[in-house]
Amino acid sequence: MKLTSLLLLASAAFATAAPDWENQAIFRINKNAPHAVMMPFTTAKDALSKQRMESTWCHVLNGNDWKFHWVNHPDKRPVNFFKTDFDVSSWKTITVPSNVELEGYGTPIYSNITYPFAKKPPFVMADPPKNYTAFKERNPVSSYRKIFTLPADWKDRETTLTFNGVSSAFYLWCNGQKVGYSQDSRTPAEFQLTPFLKDGKNMIAVEVYRNSDGSYLECQDFWRLSGIFRDVYLTSTSKLAPKDITIHADLSKDYTSGTLHIETPTTNGKLHAQLLDAEGNTLQKSGTIPRTNQTNRFTFDPLPDVRRWSAEDPYLYTLLVTTSDQSGNPVDHYAFQVGFKTSEIKNGQLLINGQPVLITGVNRHDHDPDTGHYVTEASMRKDLELMKQLNINTVRTSHYPNDPRFYELCNEYGLYVISEANIESHGMGYGPESLAKDPTWKDAHLDRIVNMVQALKNHPSIIMWSMGNEAGDGVCFESCSAWLRTKAPVKYPVHYERAGQNPHVDLFTPMYDSPSKTLAYCRKEEKKNLSQQRPLIQCEYSHAMGNSSGNLWDYWQTIHRERLLQGGCIWDWVDQGLRASKNTPNGKREFIAYGGDFGDQPNDGNFCCNGIVTADRIFSPQAPEVHKAYEHIHLAHQADKLTVRNGFFFTNLKDFDIRWELSHLGKTVKAGTIAAIDLAPQQSTTLPLPTRALTQEGEQHLTVFFTLRHDTRWAKKNHVVARTQIPLGKATAPKGRKPGQIVKNGDRATLTAGALTGIVDTTNGQLISLTRNGTALLASPLHLNFWRPLIDNDKGNKAAKRSGMWRKAGAKAVCTTMAASKTSLRCTLNIPAGQTTGTITYTPTTEGIEVAVRISPKGKVGDLPRIGMQATVPKSYGTFTWYGNGPHESYIDRKASSLVGLYKKTVPSLIFPYVEPQESGNRTNIRWMSLTNQEGEGIHITALGDHFISGGAYPCLMQDLEGPLHPCDIPQRDVYTLNIDHRQTGLGGTNSWGARPLKQYQIKPAGTYQYAFRIKSH
């Protein structure tokens, strides 16, 4: 008690000495108490048919007519700008919502952990290092003024002003009078404006500080931007209106009946409510809602056989609440989306409506490449549609509450939401400095959680409350958890990753645990009593930075086997890049900028670009793998039958059409349909394999597709929700061949294979020339290659240091012995990486030149990034055709989504423009591939022996993908690079800062690797 008193006294003394924005004890002044986001309407019809902000009682203040002034230091701000006689005629205007840095005021800063100002909580004005952006832009202040006219019919009502998002702290004045102050940039800040208004024109003034003590709790891994970046609007309510409405739409213990009750603070008016179904039919009316103590509360009759809300079936009822005067005349009408749902932890599992759903999730930042943190409804809809198309069912609002409209859309589209408070103090670390351990920051933490819960509590899409992210753990979060469990108006399981398995969280939600580590958790946890077990749901996993998402399939093979594993949320959804342009040797080019591109310091480079979609919402090559791993329909093949398992939890498979395609040597030769299956959730059945379609010898594949039977909100009819390819038959043996000729002349050997002539340099084993009737097919020698352009995960796990000896080892191999016969040429090689040796054997035949490679890595060497051969070819060979996995790029640990087929692409389209250039464009399980010109002439490569090959082509040199900072910086060459590989090491994806690919996908420097292929002219 004594310590608490001293802390309170110290806090009080501090409050008098520091400005509000450098005082953790002050985060709201005259700000309305948080409450549910809601809007009155003049008629019940409007309330039921219009969106919230289309109400005539809502006046949106967004626009491009806000007067604006910016300074780089608080001392330079126009102190009296809020006065009505202050002259702002020379000021420029700015659009609201927006981030001021993207409007030309100040510098965008991307920093992951490091605070962009001098770390000295709660202060933000101390001297940072001189190279920091904040050294010159110490704490920019943005001053806004807006003139508006209050509608005439708003008189004698109450008017509030709401800011949905302002970063990071702001003061508000109205008509020259100070209204209040707010922190917490990601929840609605509402102020009572009525006492300050006058007839006719009114003026509001807003003073926004880029940094404040609140910034210590907003150290999220994102662009540090400021300004009024979400909607600003006025709301008019009657004096009888309820201040808040809480909806409890739950299910009975057997999950079959709906239970509904509502609570509001008492009002001077009368409240009535009615429940309507999705077709607008009234199911129940409340009559006048009775008052109990300080609350109006009404419980509806149970709804038997209620249609439950879930991500699979987002059925919404509507609750209409009407305020009437004492005479019974309607005054205001409010409409709320209602979904009957439960979310609970029971017997070691997260249950939604009683079912242990699997979380096929992603983390999502509010981000737009052009407007930064301001995200339009169209962009929100686009995100949700693409998520649903990829079988994603959960979004974690990392790491703050999103715009209120986003939750309404999640209700409608069907996305589970892990709703996260606007708390991250990562820059303080997790040790003694952690703000979570400092009681003087307790109220600031709790305020943000209360703001979130009160604003968003009525959304059926929310299944979990998250107390924040990467902010350490301690007394502050223990206090927040206690409030969520005992005082929160709507209670859901409580999540917070840094709490680990402490008792103040309800489930275990680690980050970036490998598949094996999650298995170890299961074996340990299942030893506990069932009632004490907790599920493992990774709040972040499968770090999708650059060319990543390897071993995602392995995660889900494990998850499907383990009761205690219930999925997770991929990090993350969208690349947080900002559109920019610059002059390059190729002219002025647009590119997606990341940390450092604006001269911002400190910065974390391209670490902000971890999305499975680009900043422009284009699927990256990782997206198909997400679709496959997150499928809810699973097929297995055994003998002449297909086993179908319905992995949905609330959906019968009769809602989907089934079709099949049979391919022979990559070409579709037959197709058909299968009658829809009446298969309940979590059940399995068998189907006969349509083997009668098999009419040809050789390798064939049967691909089965499950598609939407009807149009949905998020995709059209025939959209594929699941697909599985089944190999049938065997590949035919290569055609018979006759030997060619070999003539040795000094250190050159000439190989003749029909019209094809190859020359081998016997000093290094390289095929230095390949011609057909005098036409050169190679632009540079075909040589061994053990390197790949480093991907982000390679950089994170220090592959260059560990495996750098392989970078040039292939091209520098030396032939120690050469054995030639009439039919073959064998070069034995010393490879300058440890004591590695190898052989290349060339065999000319009438079918082309066969190349057999054998590599034996030895000595103190690191893993091999790649085993293969590489050459350049004339740029005219711009068409790449292959029979193998496709159509998108694939790798040994990211190929579950690829289908074997016959594909054709231009060479430039083979690689993907990852934000920072890196390895890209590989294809796996290639039977054959070719590079040809417009006349169809070129090179053809066929896999020989027991192994398919991998490879592809770069529209540049290999080194051009390792060094340039942006795709627009890649040089334009007059050659393309051909890769003919045995294999590449896996991509990995467990994380991007140290984890290597899983062991089974590494190329260990031991044993012997061998493969063979035939090269000929096309």
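The model is a predicted one. Across the whole structure, a search finds 52 salt bridges, and the count of aromatic pairs comes to 40.

**Salt bridges between separate parts of the chain**

- Let's start with glutamate 207 and arginine 77, which form a salt bridge whose closest N and O atoms are 3.1 Å apart.
- Glutamate 207 belongs to strand 12 (residues 201-209), while arginine 77 sits in the loop between strand 3 (63-71) and strand 4 (92-96), so this pair ties together parts that are 130 residues apart in sequence.
- Glutamate 207 is buried, at 3% relative accessibility, whereas arginine 77 is partly exposed, at 24%.
- Another salt bridge joins the side chains of lysine 457 and aspartate 244, at 2.5 Å from N to O.
- Lysine 457 is in the loop between helix 6 (442-456) and strand 29 (462-466), and aspartate 244 is in the loop between strand 15 (232-237) and strand 16 (246-251), so the pair ties together parts 213 residues apart in sequence.
- Lysine 457 and aspartate 244 are both buried.

**A further salt bridge and a network**

- Arginine 498 and glutamate 497 meet through their side chains in a salt bridge of 3.5 Å, N to O.
- Here arginine 498 is partly exposed, with 31% relative accessibility, and glutamate 497 is buried, with 13%.
- Salt bridges with shared partners connect Arg52, Glu377, Arg381, Arg405, Glu408, Glu412 and Arg713 in one network.

**Aromatic rings**

- The ring centres of phenylalanine 81 and tryptophan 91 are 6.1 Å apart and their planes meet at 25°; the pair is stacked because planes under 30 degrees apart count that way.
- Both residues of this pair lie in the loop between strand 3 and strand 4, 10 residues apart.
- Phenylalanine 81 is buried, with a relative accessible area of 0%, and tryptophan 91 is buried too, at 9%.
- Tyrosine 115 and phenylalanine 117 make a stacked pair, 5.3 Å from centre to centre with 25° between the planes, and both of these residues are buried.

**Charges over rings**

- Arginine 659 lies over the face of phenylalanine 705, at 4.1 Å from the ring centre.
- Arginine 713, one of the residues in the salt-bridge network, lies over the face of tyrosine 413, at 5.5 Å from the ring centre.

Definitions and conventions:
Residues numbered from 1 in each chain as written. Predicted model: local features only at pLDDT ≥ 70, side-chain atom pairs only at ≥ 80, totals over all residues. Heavy atoms only, no water. Salt bridge = Lys/Arg side-chain N within 4 Å of Asp/Glu carboxyl O. Helix = DSSP H or I, 4+ residues; strand = E, 2+ residues; numbered from the N terminus. Buried < 20%, exposed > 50% of the residue type's maximum accessible area, 1.4 Å probe, protein only. Phe/Tyr/Trp six-rings, centres within 6.5 Å; stacked < 30°, edge-to-face > 60°. Lys NZ or Arg CZ within 6 Å of the ring centre and 35° of its normal.
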